[in-house]
Amino acid sequence: MEEIKNKEEQILISITGLDRPGMTLSIMSILSRYDAEILDIGQADIHSTLSLGILIRTTELNSGQVMKELLFKATELGVNIGFSPITDDEYEAWVDQQGKNRYILTVIGRTLSAHNIEQATSVIASQGLNIDSILRLTGRISIKHPERNVRSCIEFSLRGTPVDRQVMQAELMNLSQEMGVDFSFQKDDMYRRMRRLICFDMDSTLIQTECIDELAERAGVGAEVRAITERAMRGEIDFKESFTERVALLKGLDVNVMQEIAENLPITEGVPRLMKVLKRYGYKIAILSGGFTFFGEYLQRLYGIDYVYANELEVDDDGRLTGRYVGEIVDGKRKAELLRLIAQVEKVNLAQTIAVGDGANDLPMISEAGLGIAFHAKPRVVANARQSINTLGLDGVLYFLGFKDSYLGDQGNM
């Protein structure tokens, strides 16, 4: 008889209803009196509506009394409560699943529709992955003031191993272009939670222009330089060759125009917010640019950037550009080398690094980094990157790093 009384069982308690302070305390007070063991617990709040799940283990002798008291408390609190018995075999099967690989799928857009989520979850299901939890990272969208905080991000925590990760990646990238939303699929390991170094391209990434094109306009050779720039960014011609050709066309330009250009640089949406957050949380920040040091150093002073590597234009004694450059060109290969070098100096594992860029010469560092992101990039770059952002500003990077607007205290408005 004593053996029957001491036999233990698992009960899944499900509670839904209007959330209020002290709800969990009330439930735990009852469970505590009967010395119930908590095997698992999880809670979500959607529009002030609580969904709380608690898996307990207790004796068969106590279980009836526990459920009786919880039913009375639920009535008192005005919430719904349900109980489901979980067998030992069912529990052990669930425990065995916890050792599987875990991934994070981040979905971002200006807004997200049911169709967007349907398509994303279709890819998840086809790859044999199970959704453990769903978390919204962005602040809520105002109905009366829809122009505020126009961004939406949902993070799926997944368990399992993709049937074919490359196929999954390709499907997500295709959906991104079809639906105008962005995806990031990352392994949920310690490195994802401990990124420490982020390297940015400058032109058409941190700023919405190519500085060499701005200089070319002042020199009266805008069309010629833009044509070469576009060919280089698409990867149609060697960067070093194109860079040399473009710089040569700037010969004779007064160097003073660079300050005027710098002071009027069109900063990319989200850059001030992104830089503020990265600095607040201790990230090391680098500009690795095929552009020019003058403009990189201007941004460095503006945002407290730690490293700037770019190209130096040669100036003659009369303060005019010679049409030549000084030192080694920062091309795609050099960007990847610099990323590795800075990581070494900062004692950061490469898996903890991030690289963000838009052009073909950014692909080497994007491929080298632990998290490589193509930002409003050329088709060739998007096709070769695992993550891309095309719908939001540069602060969309924060969601790929797992930041919530509520952590930042600004609900996404900055």
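The protein chain folds into 17 helices and 15 strands. The model is predicted. Its overall dimensions were examined next. The radius of gyration of the protein chain is 27 Å, whereas a compact globule of 414 residues would have one near 22 Å. Along the principal axes, the C-alpha atoms of the protein chain fill a box of roughly 100 × 45 × 40 Å.

Burial and surface were then computed. Of the 414 residues in the protein chain, 49% are buried. The accessible surface of the protein chain is about 19900 Å². Carbon and sulfur atoms contribute 50% of that surface. The protein chain carries 46 positive and 60 negative charges.

Contacts were sorted by sequence separation. Among contacts of the protein chain with a separation of 6 or more, 69% join residues 24 or more positions apart.

The largest nonpolar core holds 57 residues. Phe200, Leu215, Phe295 and Leu299 have the most contacts inside this core. Helix 11, residues 271-280, supplies the largest share of the core, with five residues. Phe295 illustrates the packing around one of these core residues. Neighbours within four places in sequence were left aside for Phe295. Its remaining contacts are Met202, Cys211, Leu215, Met258, Ile261, Ala262 and Leu265. A second core is separate and has 22 residues. Met173, Leu339, Ala343 and Val382 are among them.

Conventions
Residues are numbered from 1 along each chain as its sequence is written. This is a predicted model: local features need pLDDT of at least 70, side-chain atom pairs count only at pLDDT 80 or more; totals for chains, interfaces and linings use all residues. Side-chain values use heavy atoms; hydrogens and water are left out. Helices (H or I, at least four residues) and strands (E, at least two) are DSSP runs, numbered from the N terminus. The radius of gyration is taken over C-alpha atoms; the globule rule is 2.2 Å times the number of residues to the power 0.38. Buried means under 20% relative accessible area, exposed over 50%, partly exposed in between (1.4 Å probe, protein chains only). Contact means heavy atoms within 4.5 Å. Accessible areas come from the Shrake-Rupley method with a 1.4 Å probe; for residues, only the protein chains shown count as cover. Lys and Arg count as positive and Asp and Glu as negative; His and the chain ends are not counted. The place of a charge is taken as NZ of Lys, CZ of Arg, CG of Asp or CD of Glu. A nonpolar core is a set of buried Ala, Val, Leu, Ile, Met, Phe, Trp, Tyr and Cys residues joined through side-chain atoms within 4.5 Å.
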